[in-house]
Amino acid sequence: MAPVRTTGAVVAAISVTIALLSLFLYKSKPSSKMLPSKKNPRNGLLGAIGNTPLIRINSLSEATGCEILGKCEFLNPGGSVKDRVAVKIIEEALESGDLAPGGVVTEGSVGSTAISLATVAPAYGCKCHVVIPDDVAIEKSQILEALGATVERVRPVSITHRDHFVNVAKRRASEANEFALKHRKDDANQRGVANGTTEKTNGFQYDEEKQSLFSRNCTGGYFADQFENLANFRAHYEATGPEIWEQTGGNVDAFVAGAGTGGTLAGVSKFLQERNSNIKCFLIDPPGSGLFNKVTRGVMYTREEAEGQRLKNPFDTITEGIGINRITKNFMMAKLDGAFRGTDKEAVEMSRFLMKNDGLFLGSSSAMNCVGAVRAAQSIGPGHTIVTILCDSGMRHLSKFFSADYLSQYGLTPSASGLEFLGVG
């Protein structure tokens, strides 16, 4: 058999093939200069808010036979779902002229909204003044002060009391406006005296203690009013709800969450039900709150409470951030199919269960939401997709919700080995 001769044309063809293959492999290598568009740097702190991951909570999904998904709002820069609300409130206030750069945003909050406002306010050239109950976990005050906010801790009282933390925050905004007006008049009068055109006349008296709350260059105050300000609802209707819809590809059967202001529950539920009226939306409500009764019975209080046995400050829950005894404008926007009652013990047990089985270190309201997700799974049966909100992490709850000494005082020491506290084998 004659030897095979390699012609010049064959050699050339092989050389070209090798060259093209090398070029292809080189082009296929990831380049730091050619990042996918969604990997591009976001625009500052504000650009990092929202578009949080939606994760499968494996332990709860496997235990219930449903796909239970959690929206990881604790990954926002300020550490909670309230970052979205803070941005929306401040942006709308600036657009309307109710707030100006250099102004102070005031709020009455049990922590998360206040921390979010204190986090984002500097990005708009504003400051933050927060009024919180003095029984809230101390680390929340410490975080607020570290963020540069002014913090007032007041005793817990009924919302009808003038010194309820929300009412105090509202007054502080008015005082900031008076303070700014006083100094504008003073500055104008001083300029007039210097020009020899007018006399300085100002009979306004201002309390020195209040004056020390605001900086000399304060341009005024704005009360965020997270409970009644519908910017709260719009933040979730325009962003959180659409994100959940997109992340699930529209494959969602139920949504469940607790309500404090009601903004998250209302915004998400209304958006989802507008997309698909078959999606069931539920409230999970902690002890002491009247919302469960309102949703399930149409009245805020039980008969015993309505007959005068209800306390002025009836909350007997360690779950911070959810539960209320009035209907807010935000909550009124919610589209609900039902409600579940959760207990403090269930929230505590759930938080430890998720830490042990999923590595999720969640705060009290997040844990209660997961209790609600299991209740929803039990209600609608296996084979469904249920979404809830992981509002914040456990980092802000170390002195109470994650304190063994504190929990033991109330008989809430966790002891469950699984989900038996919810009747799941």
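## The six-stranded sheet

Six strands form an open sheet with mixed pairing, in the order S1-S2-S10-S7-S8-S9. Strands here are DSSP runs of E with at least two residues, helices are runs of H or I with at least four, and both are numbered from the N terminus. Two strands pair if DSSP finds at least two bridges between them. The edges are strand S1 (54–56) and strand S9 (338–341), each pairing on one side only. On average, neighbouring strands of the sheet are turned by 25 degrees against each other, direction ignored. Axes are lines fitted to C-alpha atoms, for helices over the stretch in contact, and angles run from 0 to 180 degrees between N-to-C directions.

The model is predicted: local features need pLDDT of at least 70, side-chain atom pairs count only at pLDDT 80 or more, and totals for chains, interfaces and linings use all residues. Residues are numbered from 1 along each chain as its sequence is written, and side-chain values use heavy atoms, with hydrogens and water left out.

## Inside the sheet and across it

Strands of a sheet pair through backbone hydrogen bonds, either parallel or antiparallel. Strand S2 (residues 67–72) and strand S10 (residues 385–390) take the parallel sense, over six bridges. Glu67 has Thr385 in S10 as its bridge partner.

Helix H10 (residues 263–275) lies across strand S7 (254–257), strand S8 (280–285) and S10. The helix runs at about 165 degrees to S8.

## Aromatic pairs

A pair of aromatic rings is described by the distance of the centres and the angle of the planes. Rings of Phe, Tyr and Trp (its six-membered ring) pair if their centres lie within 6.5 Å; planes under 30 degrees apart count as stacked, over 60 as edge-to-face and the rest as tilted. The count comes to seven aromatic pairs. Phe282 and Phe340 are a tilted pair, because their ring centres are 5.0 Å apart and their planes stand at 40 degrees. This pair links distant parts of the chain, with Phe282 in strand S8 and Phe340 in strand S9, 58 residues apart. Phe282 is buried at 7% relative accessible area, and Phe340 is buried at 14%. Buried means under 20% relative accessible area, exposed over 50%, and partly exposed in between (1.4 Å probe, protein chains only).

Phe401 and Phe402 have ring centres 5.3 Å apart and planes at 85 degrees, so this pair is edge-to-face. Phe401 is buried, at 1% relative accessibility. Phe233, Tyr237 and Phe271 form one aromatic cluster.

## Charges over rings

A charge sits over a ring if NZ of Lys or CZ of Arg is within 6 Å of the ring centre and within 35 degrees of the ring normal. The charged end of Arg352 sits over the ring of Phe401, 5.5 Å from its centre. Arg326 places its charged end over the ring of Phe227, 4.8 Å from the centre.

Strand S3 (residues 104–108) is largely enclosed by the rest of the structure, because five of its five residues are buried. Val104, Thr106 and Gly108 point one way, and Val105 and Glu107 the other. S3 runs parallel to strand S4 (residues 127–133), joined by five bridges. Val104 stands opposite Lys127 in S4.

Glu107 is also a contact of Thr113. Thr113 lies in helix H5 (residues 112–120) and is buried at 2% relative accessible area. Leaving aside neighbours within four places in sequence, Thr113 is in contact (heavy atoms within 4.5 Å) with Lys82, Glu107 and Gln226. The side chains of Thr113 and Gln226 are joined by a polar contact of 2.6 Å. A polar contact is a pair of N or O atoms within 3.5 Å; within protein, one must be able to donate a hydrogen and the other to accept it, and residues adjacent in sequence count only if both atoms are side-chain atoms.
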